[in-house]
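Notebook open, structure about to go up on the screen. I'll jot down what I look up as I go.

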Amino acid sequence: MLAVPRLSHAPDDQTLFRVIREGISGTRMPASALTTSQVWQVAAFVRTLGRVEGSKSSGDQRRGQQIFVGKGGCAKCHTIAGHGGAIGPDLTDIGDRREAAELRTSLLDPSASVPLDFLQVRVVTKDGHTFTGVRINEDAFSIQFRDLSNQFHSFWKNELSDIVKEPKRSIMPSYQSILTAAELDDVVAYLGSLQGRP
Amino acid sequence: MKGILVLLAAGVVLHGQVPYDRILKAHSEPGNWLTYSGDYQAHGYSALDLINTSNVVALKVAWMYQIGTTHHFETTPLVFDGVMYITEPPSDVTALDLRTGRPIWSYRRSLPKGVIVCCGQVNRGLAVLDDQLFLGTVDAHLVALDLRTGRVRWDVEVADYKEAYSITVAPLAIKDKVIVGIAGAEYGIRGFLDAYDAKTGKRAWRFYTVPAPGEPGNETWSGDSWKTGGAPTWVTGAFDPESNLVYWGTGNPSPDMIGDDRKGDNLYSDSLLALDADSGKLKWHFQFTPHDVLDMDANQVPVLLDANFRGRPRKLVLFANRNGFYYVLDRLTGEFLVGTQFAKQNWTSGLDERGRPKFNTAAVPSPEGALVYPDDDGTANWFSPSFDPKTELFYQNVREKGAIQKRTHASYEPGHLFMGANRLPIPGEEPWGALRALDWRTGETRWEFRVHTPPWCGVLSTAGGLVFSGTMEGDFFAVDASTGKLLWRLQTGGAIWSNPISYLSESKQYIVVSAGTAFIAFSVDR
């Protein structure tokens with residue numbers, strides 16, 4: 001996936017150039033036959049993928065951070081710089097990937113755009129227990145997911161009587177009635193400031 | 001461990017924490033594998049016996065996991081609380097669900113171009129402490145990952161990869177610290193062993209394995225040769241909680257294979273070090289191969305043993321060395337007790353009463369080429385031995401391979417090879433290998449199981465009376481721990497470059513090993 005602000009094999013432009021030209025040793029990515037200027041053009045294009053212009057919000061970043069870990073309870077599900085939950089996306093560099101308006105929409109209407117890799121599932125075991133969480137993996141015979149308390153579950157499908165997938169439903173609540181308008185501004189400002197590890 | 005119950009509801013995995021006390025008592029939970037060698041004593045032994053000499057014939061593949069790179073897959077996993085944690089080359093980590101073998105999370109490291117590693121961009125494993133995993137990377141960083149998510153807690157530079165410092169070793173977590181070694185002695189690094197605060201990543205101590213002027217041992221280096229003296233620390237050591245000593249082997253002096261410009265014994269290269277775990281201060285050292293010009297790294301796993309020896313209880317360390325000798329030392333003092341040849345060698349006519357070798361001056365690299373046994377990959381290497389307390393045998397894979405060593409020259413340039421010999425095959429001679437069972441008290445071979453070519457696989461012995469190992473041709477096999485008789489084998493289709501381990505999941509015992517690009521779990525149906 002190239003539409004991310006940071007590429008795992010190419011943290012800087014020089015490295016990205018070499019990756020395109022020489023491929024990645026030990027993987028299936030081959031070297032290219034492009035000219036030097038063509039490689040630079042491809043590199044420049046790849047660099048534009050997944051990035052947004054700096055987010056802007058009138059809110060207070062510091063207060064936003066306090067709400068994120070306190071009243072909002074966001075850290076229970078989201079990680080920043082290695083700390084937090086794993087139910088939702090890692091927000092360490094969310095300010096690099098989402099504009100302020102998108103962040104605000106996600107806070108007010110989380111179900112409007114649920115990433116496929118955070119699909120909500122509900123399973124019922126043959127002995128009648130129900131578990132809900134965010135899917136991690138699924139194959140023909142098994143399913144794994146993480147529940148709201150970050151607990152990992154793994155089931156063979158023959159242990160289950162029902163599996164319900166809810167692609168348009170987010171486990172995240174709407175913050176419309178949880179936060180004030182000013183508090184929303186603060187959280188958006190804080191999220192917009194997250195540009196990755198210092 | 002018949003009768004062990006898994007007290008979990010089906011499907012629910014309890015992500016636990018692994019405090020120091022739990023690692024200290026690893027023997028009380030034989031269904032898990034909490035450190036690189038299974039315990040601080042580094043026995044590489046499993047007390048599980050559900051798979052045993054009676055039913056191993058029915059061993060079959062339970063699941064496989066495939067990696068996406070073609071580098072050597074040298075991982076030794078950690079297993080606890082329903083999850084397995086493996087490293088993937090070059091410096092990645094994946095958590096696997098024990099029930100299904102499916103990945104739970106992955107950490108994919110962003111590596112700079114130009115990482116320099118002599119012998120493959122590999123990684124051998126992880127350490128765990130509390131709620132964090134610790135990974136050393138080939139660009140010479142130490143990284144702490146959240147156990148539940150694989151997300152980065154902290155990431156610190158251990159050394160500069162552009163000068164060919166790299167990390168391939170599995171760290172060892174002790175108390176509140178993470179011990180990690182370094183590689184790069186083919187490039188003139190100055191070796192060290194480091195400890196980092198597990199919570200913050202701040203360096204707690206560093207022991208340089210090549211002493212600076214004014215420090216004891218610097219007199220064993222001529223001129224400024226200590227500055228590029230090598231002595232790396234790229235295989236995980238052991239820990240004795242009672243004496244609070246960390247035992248860690250060191251590798252070759254630099255320049256490798258040529259010693260003209262580093263006259264002297266070149267301490268602490270090719271040695272076993274005993275360091276205080278809190279301060280990193282040296283308690284004692286034992287140098288196996290002084291002034292090495294044959295690449296006789298002592299980067300092997302030291303095995304700690306408390307036993308009656310020559311009429312009295314002693315605290316010992318057992319060490320099967322790359323130089324072809326098996327050693328027993330007193331681990332409180334470093335006193336040499338046993339040194340027995342366990343593979344073909346011609347570089348020494350034997351050891352004196354203090355364990356110092358008497359060198360054969362004909363078996364050193366020369367312009368016309370010298371015949372040397374073993375070659376510079378050694379008889380033992382990084383792959384782990386295993387000690388079985390029931391048979392009292394020390395199991396070691398052995399490489400029977402010599403070489404014609406032709407002397408060249410070496411000049412230091414940061415980040416470039418700093419070696420003074422080329423290896424050529426011996427005409428008409430086919431190298432081979434063997435899994436050998438050594439009497440731990442004497443080092444004498446009790447039995448051997450021959451394999452076609454010199455192996456790069458570690459050894460696992462189990463309470464089921466079995467010893468597991470593998471070959472470069474892809475055979476994974478089990479032999480009777482008492483006799484060496486072959487009881488089971490499977491052709492995996494990929495060379496085996498790793499240490500097998502064993503664990504328990506839902507009351508079933510599993511054996512796991514990597515082969516080629518596959519990670520394979522084996523079990524027997526009940």
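Before anything else, my terms: strands (E, at least two residues) and helices (H or I, at least four) are DSSP runs numbered from the N terminus, and two strands pair if DSSP finds at least two bridges between them.

This is a predicted model, where local features need pLDDT of at least 70 and side-chain atom pairs count only at pLDDT 80 or more, while totals for chains, interfaces and linings use all residues. Residues are numbered from 1 along each chain as its sequence is written, with chains lettered from A and ligands numbered from 1 in the order in which they are written.

Sheet in chain B. I looked up the strand order and got S8-S9-S10-S11, an open sheet of four strands with antiparallel pairing. S8 (127-129) and S11 (152-157) of chain B sit at the edges with a single partner strand each, so one side of each has no neighbour in the sheet. Next I checked S9 (residues 132-136) against S10 (residues 141-146) in chain B: five bridges join them, antiparallel. Phe134(B) stands opposite Ala144(B) in S10(B).

Val128(B). I call residues in contact if their C-beta atoms, placed from the backbone, lie within 7 Å. Skipping neighbours within four places in sequence, I found Val128(B) in contact with Val18(B), Leu34(B), Leu78(B), Leu133(B), Leu147(B) and Ala173(B).

Domains in chain A. The assignment (bounds are from an automatic or database domain assignment) gives domain 1 (13-48), domain 2 (61-112 + 173-192) and domain 3 (116-166). I noted 35 Å between the centres of domain 1 and domain 2 of chain A, over C-alpha atoms.

Terms used:
Contact = placed C-beta atoms within 7 Å.
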